[in-house]
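Hello,

Here is the structure you asked to take over. My notes on what was found follow below it.

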Amino acid sequence: MGLFGFGKKKTIFTAPVSGQFQSLENVEDEVFSQKLMGEGYGIIPDNNKIYSPISGTVSSIFETKHALGITTNAGLEVLVHMGIDTVELNGEPFNIMVKKGEKVDKDKQLAEMDLDNIKSKNYGTVVLTIITNVQDKVKNLKFLTKESNKIEAGHEVLEIKNN
């Protein structure tokens, strides 16, 4: 099995928010741009609504509401991280709309973030989608959009082949 790629599972990730696509290398935070947390992408949002980029189960919600984790049926661990250094805002600009253990699909709204509040405090607003266990679970990645492209929430952004 698996000969010539048969039996390999593909997973498609979508944009969790409408805005401008940004590769991780260009994110203004070294932890993300150097891929220390994993592989993925960013969207500089043009609205407040954050959706799930993947189907799975909400595995964690950070106390400061700036990030949450989703685990897929294939075992991918995905971090949705809202803003840069927004952990310091102690949850103030975020409204989480799901619960830990809840099953979500790509069209499920996860959260709202108050972009004006975040910008007024001089924090970055990029919404990151990071596969944190990429070494264990991902054979290869193929981006389906280009740097700086304007995309809508739900637009297909990344195709991966699972190990």
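I start with a residue in a loop: Asn122 is found between H2 and S11. Its phi is positive, about 65 degrees, although Asn122 is not a glycine. Asn122 is also exposed, with a relative accessible area of 73%. Please keep in mind throughout that this is a predicted model.

A second residue other than glycine with a positive phi is Lys65, where the angle is near 60 degrees. Lys65 sits in the loop between strand S5 (56-61) and S6. At a relative accessible area of 35%, Lys65 is partly exposed.

Ile131 is worth a look on screen. Apart from neighbours within four places in sequence, Ile131 is in contact with Phe13, Met37, Gly38, Glu39, Leu76, Glu77, Val138, Leu158 and Ile160.

Glu39 comes up again among the charged pairs. Side chains of opposite charge can pair when their charged atoms come close. The count of salt bridges is six. In one of them, Lys35 pairs with Glu39, and the closest N and O atoms are 3.1 Å apart. Glu39 is buried, with a relative accessible area of 14%, while Lys35 is partly exposed at 29%. Glu25, Lys35 and Glu39 are linked in a network of salt bridges.

Two other pairs have an N to O distance of 3.5 Å: Glu102 with Lys108, and Glu152 with Lys150. Lys150 counts as exposed, at 52% relative accessibility.

Last, the pockets. The largest pocket has a volume of about 220 Å³ and a lining of 15 residues. Thr11, Ser55, Thr72, Asn73 and Ala74 lie nearest its centre. Strand S1 (10-14) and strand S9 (103-104) each supply at least two lining residues, and S1 gives the most, with three. By type, the lining divides into four nonpolar, six polar and five charged residues.

Regards

Terms used: Residues are numbered from 1 along each chain as its sequence is written. This is a predicted model: local features need pLDDT of at least 70, side-chain atom pairs count only at pLDDT 80 or more; totals for chains, interfaces and linings use all residues. Side-chain values use heavy atoms; hydrogens and water are left out. Contact means heavy atoms within 4.5 Å. On a 1 Å grid over the protein atoms alone, a cavity is a set of points where a 1.4 Å probe fits but cannot get out, and a pocket is an open set with protein on both sides within 12 Å along at least five of seven lines; lining residues have an atom within 4 Å of a point. Grid points are joined across faces, edges and corners, and a volume is the space filled by probe spheres set on the points. Helices (H or I, at least four residues) and strands (E, at least two) are DSSP runs, numbered from the N terminus. Ala, Val, Leu, Ile, Met, Phe, Trp, Tyr, Cys and Pro count as nonpolar, Asp, Glu, Lys and Arg as charged, and the others, Gly among them, as polar. Buried means under 20% relative accessible area, exposed over 50%, partly exposed in between (1.4 Å probe, protein chains only). A salt bridge is a side-chain nitrogen of Lys or Arg within 4 Å of a carboxyl oxygen of Asp or Glu.
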